[in-house]
Amino acid sequence: MRSRLLTLSRVRLELGRRTRTMSATSVPSMAEFLTKNPYSPPSWASHLRPIPSHTFSLAHLPTPIHRWNLPGLPNGTELWIKRDDFTGMELSGNKVRKLEFLLADAVDQQADTVITIGGIQSNHCRATTVASNYLNLNTHLILRTSKLLADEDPGLVGNLLVERLVGANVHLISKEEYSSIGSEALTNALKEKLEKEGKKPYVIPVGGSNSLGTWGYIEAAREIEEQLKSRNDGLKFDDIVVACGSGGTIAGISLGSWLGALKAKVHAFSVCDDPDYFHDFVQGLLDGLQAGVNSRDIINIHNAKGKGYAMNTSEELKFVREVASATSVILDPVYSGKAAYCLINEMKKDPKSWEGRKILFIHTGGLLGLYDKVDQMGSLMGNWNRMDVQESVPRKDGVGKMF
């Protein structure tokens, strides 16, 4: 494993070069893609325990922040967006930030296999497969699907296409089995099976959301701080808004905002379970870091589940299309699409509470999930017609002839 990683580190992949603040003094340094680096936390997080010893450079960071003129904003409200959908093509989204810490731990433990679990179109499972494959780690995915489809080939739509292209071992489980057995028992059962086969598996929980994975968005809070410091307009955010599907992202960004210089109020829009569940789950992550804070003091969680996880109303999908048409920002239907839809609805219900505020929306990626919604979205699309060409139009050659 060591020799393989050394070989990878010698490959000069400029795609992954990025600014990374790795010292307590927040001095930027350059880290090459796929390199393993010692980690030092922000000074304001140095009391947390345990502190990760290393991190892998996997994401393309820092991701940009720009104004987002979303339709329907209250008067005087400024909305900005942080493009964590730009963390890398196959690795795109928020999950890769957690994987930088989790996979460094897997390599430290001399694992040769990674096990993780999620829904049939899990962004986390796709990112885990790609990142693990970069590091020569085999991947086993437990994917939740309907009872009717659990015994069939899952196909090649969206995230599944990428996972299967790069060689993931896919294990299908029905939603009913997932619910009755639980994700932890399922991953442990697969771990025991692989250990009997002589493998050294490392288990990553749903969404990479454990206390170690939480460091990914503690580090993202530092990144946002540095981006604001580099501006000359004194921009400061009053609120940070982000979707919530497993809890690790909101735990990290809310703790980082609370402890660091951001001091923005964090709003999470949960796309599954309910706010009480996530407050309790996030509290467990915070306690696992010995943070000494109450989740209800540092984050406000809104219910954005709608019809259910990965299920959309026609209004939500219409909103995704309208946002893309108006702003060229493409939201995914499972996470950021629902979060932005519910944010606008909250603003419409109580515009006074949002007027004049500067808000940062974190786009957590998930574009590939749109491919699973093409049948539902077909009726929302237009803007096409058969080109009417008159026979009298004379031929004229251009560049790039196709015949």
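**Why these labels? A dialogue on a predicted model**

Modeller: Strand β7, residues 113-119, is mostly covered, with seven of its seven residues buried. The model is predicted, so local features need pLDDT of at least 70 and side-chain atom pairs count only at pLDDT 80 or more, while totals for chains, interfaces and linings use all residues. Residues are numbered from 1 along each chain as its sequence is written, and side-chain values use heavy atoms, with hydrogens and water left out.

Biologist: Why is lysine 95 called buried?

Modeller: Buried means under 20% relative accessible area, exposed over 50%, and partly exposed in between, with a 1.4 Å probe and protein chains only. Lysine 95 has 7%, so it is buried. Lysine 95 is found in helix α2, residues 95-108.

Biologist: What does lysine 95 contact, leaving aside neighbours within four places in sequence?

Modeller: Contact means heavy atoms within 4.5 Å. For lysine 95, the list is Asn123, His124, Ala127, Gly207 and Ser246.

Biologist: Which UniProt annotation covers Lys95?

Modeller: The unreviewed UniProt entry gives "modified residue: N6-(pyridoxal phosphate)lysine". UniProt positions follow the numbering used here, feature names are shortened, and annotations may be inferred rather than shown by experiment.

Biologist: Why is asparagine 37 called buried?

Modeller: Asparagine 37 has 16% relative accessibility, so it counts as buried. Its place is in strand β3, residues 36-38. Not counting residues up to four places away in sequence, asparagine 37 touches Ala31, Ser53, His54, Thr55 and Ser57.

Biologist: What does the side chain of asparagine 37 reach at 3.4 Å?

Modeller: The backbone oxygen of threonine 35. A polar contact is a pair of N or O atoms within 3.5 Å; within protein, one must be able to donate a hydrogen and the other to accept it, and residues adjacent in sequence count only if both atoms are side-chain atoms.

Biologist: How do you know that the span of α9 is close to the expected one?

Modeller: The expected span is 1.5 Å times one less than the number of residues. α9 (residues 275-288) has 14 residues; it reaches 20 Å from first C-alpha to last, close to the 20 Å expected.

Biologist: Why do the buried residues of α9 line one face?

Modeller: The buried residues are Pro275, Phe278, His279, Val282, Gln283, Leu285 and Leu286. Down the axis of α9 they fall within an arc of 165°, so they line one face. The arc is that of the directions from the helix axis to the C-beta atoms. Their cover includes α7 (211-229), β11 (239-244) and α8 (248-259).

Biologist: What caps the N-terminal end of α9?

Modeller: Aspartate 274; a side-chain oxygen lies 3.2 Å from the backbone nitrogen of aspartate 276.

Biologist: Why is glutamine 290 called exposed?

Modeller: Glutamine 290 has 55% relative accessibility, so it counts as exposed. Its place is in the loop between α9 and α10. Glutamine 290 has a positive phi of about 55° although it is not a glycine.

Definitions and conventions
Helix = DSSP H or I, 4+ residues; strand = E, 2+ residues; numbered from the N terminus.
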